[in-house]
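Me: Hey, I'm new to this one. Can you walk me through it while I look?

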Amino acid sequence: MNQPKYRVFVCTRQRTQSEDCCFNCGGVEIYQAFCDEIDRQQLINQVEVRQSGCLDRCEAGTVVAVYRANWQNFTWLPDKIQHKVRKLLFPNRHLYGHLTSADIPEIVASHSIDGKPLKRCQIDIN
Ligand code: FES
C-alpha cells in the first residue's frame, strides 16, 4: 500500500459492562462497516482503517478519528516528539461520535472522497 491519503482510527476499546466504551457501543461493527465501505468504494489505496484504543471521548461511543495522513516528514524525530509536532502543525484530526453503521457510507463519501468532514456526525476535539 502506498502512503494513504487518510487514516481512520476506530475505537474498539472494551471496558467493563457498566462503563461507557466504544466496544459496548458497537465499535467492532463500525470498524467492519468502514472496512466494507472502503472496499466497496475501491479506496483501499487511499484510506487506511485501523482499530484503536480509547480516544478519550468514551461518552460519545463509538468514536472515530480521521486524519489526513501527511505526517511522514517527521519520521526522523523520536515518536513522542513526532506526535506533538504533528498535533501542532497538522490540526487536521476530525472526531466523529455516536456513530451507527448507517453513518459510515456518508462519512466515507464526504470526508474521504470529497475532502469535507461530515459535520452531522462530528464531535468536539477537546
Ligand atoms: S472507549 Fe472509545 S473513546 Fe474511550
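This is a predicted model: local features need pLDDT of at least 70, side-chain atom pairs count only at pLDDT 80 or more; totals for chains, interfaces and linings use all residues.

Me: OK. How many helices and strands does the chain have?

Reply: There are three helices and five strands. Starting at the N terminus, they come in the order β-α-β-β-α-β-α-β.

Me: And among contacts between residues at least 6 apart in sequence, what share joins residues at least 24 apart?

Reply: That share is 70%.

Me: Let's do the strands. In what order do they sit in the sheet?

Reply: The order is E2-E1-E3-E4-E5, in an open sheet with mixed pairing. E2 and E5 (122–123) are the edge strands, each pairing on one side only.

Me: What about E1 and E2, parallel or antiparallel?

Reply: E1 and E2 pair in the parallel sense, over six bridges.

Me: Found it. Now helix H3, which residues are buried there?

Reply: In H3, which covers residues 104–113, the buried ones are Ile104, Ile107, Val108, His111 and Ser112. They cover an arc of only 100° around the axis, so they end up on the same side of H3.

Me: What do those buried residues pack against?

Reply: Their packing partners are the strands E1 (6–11), E2, E3 and E4 (94–96), plus helix H1.

Me: What comes after H3?

Reply: Glycine 115 follows H3, and its phi is positive, near 75°.

Me: How would you describe the way two packed helices sit together?

Reply: You give the angle between their axes and the distance between the axes. For H1 and H3, the axes come within 9 Å and cross at roughly 50°.

Me: Why are H1 and H3 called oblique?

Reply: Angles from 65 to 115 degrees would be roughly perpendicular and those under 35 roughly parallel. With a crossing of roughly 50°, H1 and H3 are therefore oblique to each other.

Me: Is that crossing left-handed or right-handed?

Reply: H1 passes H3 in a right-handed crossing.

Me: Where is threonine 62?

Reply: Threonine 62 is in the loop that links E2 (47–52) to E3 (64–68). Aspartate 56 is found in the loop between E2 and E3 too.

Me: What's the phi of aspartate 56?

Reply: Aspartate 56 has a positive phi of about 65°, although it isn't a glycine. It counts as exposed, because it has 11 C-beta neighbours inside 10 Å and the cut-off for exposed is 12 or fewer.

Me: And glutamine 42, what's its phi?

Reply: Glutamine 42 has a positive phi of about 55°, and it isn't a glycine either. You'll find glutamine 42 in the loop between H1 (27–40) and E2.

Me: Is glutamine 42 buried or exposed?

Reply: Glutamine 42 is exposed, with 8 other C-beta atoms within 10 Å.

Terms used
Residues are numbered from 1 along each chain as its sequence is written. Helices (H or I, at least four residues) and strands (E, at least two) are DSSP runs, numbered from the N terminus. Two residues are in contact if their C-beta atoms, placed from the backbone, lie within 7 Å. A residue is buried if 20 or more other C-beta atoms lie within 10 Å of its own, exposed if 12 or fewer, and partly exposed in between; C-beta atoms are placed from the backbone. The arc is that of the directions from the helix axis to the C-beta atoms. Two strands pair if DSSP finds at least two bridges between them. Axes are lines fitted to C-alpha atoms, for helices over the stretch in contact, and angles run from 0 to 180 degrees between N-to-C directions. Angles under 35 degrees count as roughly parallel, over 145 as roughly antiparallel, 65 to 115 as roughly perpendicular and the rest as oblique. A crossing is left-handed if the near helix is turned anticlockwise from the far one by less than a right angle, and right-handed if clockwise.
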